[in-house]
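Let's take a friendly walk through this structure together. Keep the view open as you read, and look up each residue as it is named.

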Amino acid sequence: MEDRSDLYDVYTTNAPPPLEDLQHQCLEDQDNVECLRRKIKYYFMNPCEKYHARGRKPWKLILQIIKIAIITIQLVSFGLSNQMVVTFKEENLMAFKHLFLKDYADGGMDSYAVYRQVDVYDHIDYIIKQYGHLPNITVGNHAYEKKGDFYTPLSVCQEFYRNGTIYPGNDTFEIDAHVETECFEVYPMYNPSLQETLSHFELHFKRMLSVKVTFVLKAINLQTVRHRELPDCYDFTVIITFNNQVHSGRIKVDLENDVDINECRDWKVAGASARNIYLTVLFDCLIIITCITSFALCTRSVINGIQLQFAYTLYSQNRCGQKVPWSDRLEFVNGWYILIIASDTLTIVGSILKLEIQSKVLTNYDLCSIFLGIGTMFVWTGVIRYMGYFRKYNILILTLRAAFPNVIRFICCAGIIYLSYCFCGWVVLGPYHEKFRTLNTVSECLFSLINGDDMYPTFKNMKQKSSLVWVFSRVYLYSFVSLFIYMILSLFITIITDTYDTIKQQQLSGNPTSELQKFMSVCQDLPNSGMYRLEENSCFLNCCVTRCRKHQETHQERLTSEA
């Protein structure tokens, strides 16, 4: 009897559920699918449709509009300040060239050189004299650097091979490749001529590599006072190089200028208020807070999209038995949100650097301008997302997104051909053409040829010293222009055109083109239908609560009928 009872229990446990339970389970599954479909459709709505669907104000859209305005104002303000810094550096460099380079003319740095030994001595002597009389010569506020009670000296250093005997007439030489350096210093308060130092300083022209004259000057950028900014103090390290590494009889002369920006030790500005500085700091703090808020909202939207993607993937695998393609999965990852998050991060870092520059903790204007510039570019690019909600403007975005994979593959293949021409032109034509001297200039020249710029000078400037190389240059240039302009560019345009036609036909037909779009198209609920006005908890939780209540009511009715 016990065995029969056990068997009866097992039979009862494994028996199929009643028909009513199966019907309720089907209804529950259908509610689940409808909730998922409605939630996905709401995720892909534009801000206006979301407002009609749930009554929530488009805070992200409002915040992005405000952020574009204040970030643009910040960039313009910083750009004007950075422009003053760059102008001050460039004009000081030009002033140093006129002060310390003998017989210098504007724009003649490429051809500025000396060819005689006496000219080298004269130029070095001229630099020493100009440095000694600088306070009486310059029209700027330049001064010598001072460490303690002493001024830093001017340094003249000669680099040359340790030993060598060179006899070009006999085609013989003996050289020691080790490089030695010989220096002497001249203090500003004592201004001897070079002739007085020749007893212990002599230029070894046959084995000389270079002569470097180095000194430090200080200046203050006063033009920022007119813009209610505190002036910066500058340290200019001037390096004048006589380059003789080629040993060709032509010693090129170059002047370089390394700049250090420091906070002035003691300052006082009369007739100006520091209120503008504090307002600028508060404005930068407002931008940081705005970007942090935008970063949080967009990150939350990205997380919601990923959660929906997981839910849709589980539904497709469990209910439909098929895998979701990556194209549909990536639809849930909104690239515009990623772009806004990147722009917020760059703007926050740039604003922090700007605050440190204003407080004179840092002076790296270039790094700050890169962060702020890229951040502002991404912010303005993100505006295209809201333009895409209009049907006529959306075709541009859809075309770019659809054509992007094919464009990348095409560029990779074309880039290989482009690099092959770069290397070939650099090796063969480099000695005979200025535009092919380095890989960088070769790439710039070929890219200009693709765009139809500077074609005739490129052909004309080829030196005809070697007839073989001249013939090769013609074949090289004609084949490159024909290949890239008539074939590769045409194919590139064809890819974009075909993608545009495909997208346009899809928009005209209005048929869903992916499984995700087919899944959402089943939901016919309009944004103002009231079906999207959910409570604070999720749609699935509401559906589960409703189903539990229905199940309890059904179970209660069944017990009542049995009784």
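## A pair of rings

Y418 is buried, at 13% relative accessible area, and F480 is buried too, at 0%. Here buried means under 20% relative accessible area, exposed means over 50%, and partly exposed is in between (1.4 Å probe, protein chains only).

This is a predicted model, in which local features need pLDDT of at least 70, side-chain atom pairs count only at pLDDT 80 or more, and totals for chains, interfaces and linings use all residues. Residues are numbered from 1 along each chain as its sequence is written, and side-chain values use heavy atoms, with hydrogens and water left out.

How many aromatic pairs does a search of the whole structure find? There are 22 aromatic pairs. Rings of Phe, Tyr and Trp (its six-membered ring) pair if their centres lie within 6.5 Å; planes under 30 degrees apart count as stacked, over 60 as edge-to-face and the rest as tilted. Y418 and F480 make a tilted pair, with 6.3 Å from centre to centre and 50 degrees between the planes. Y418 sits in helix α13 (residues 391–429) and F480 in helix α16 (residues 467–509), so this pair ties together parts 62 residues apart in sequence. Helices (H or I, at least four residues) and strands (E, at least two) are DSSP runs, numbered from the N terminus.

Elsewhere, ring pairs join F88, F96, F100, Y131, Y144, Y151, F215, Y234 and F236 into a cluster.

## Salt bridges

A salt bridge is a side-chain nitrogen of Lys or Arg within 4 Å of a carboxyl oxygen of Asp or Glu. By this rule the model has six salt bridges. One of them joins D344 and K67, at 2.4 Å from N to O. D344 belongs to helix α10 and K67 to helix α4 (residues 59–100), 277 residues apart, so the pair links distant parts of the chain. D344 is buried at 0%, and K67 is buried at 0%.

Another salt bridge connects R162 with E180, their closest N and O atoms being 3.4 Å apart. R162 is in strand β5 (residues 154–167) and E180 in strand β6 (residues 172–186). R162 is partly exposed at 41%, and E180 is partly exposed at 31%.

R116 and D119 also form a salt bridge, with 3.0 Å between the closest N and O atoms. R116 is exposed at 52%, whereas D119 is buried at 17%.

## Helix α10 again

I348 is placed in helix α10 (residues 335–358) and is buried, at 17%. I348 and L372 are 24 residues apart in sequence, and their C-alpha atoms are 8.5 Å apart in space.
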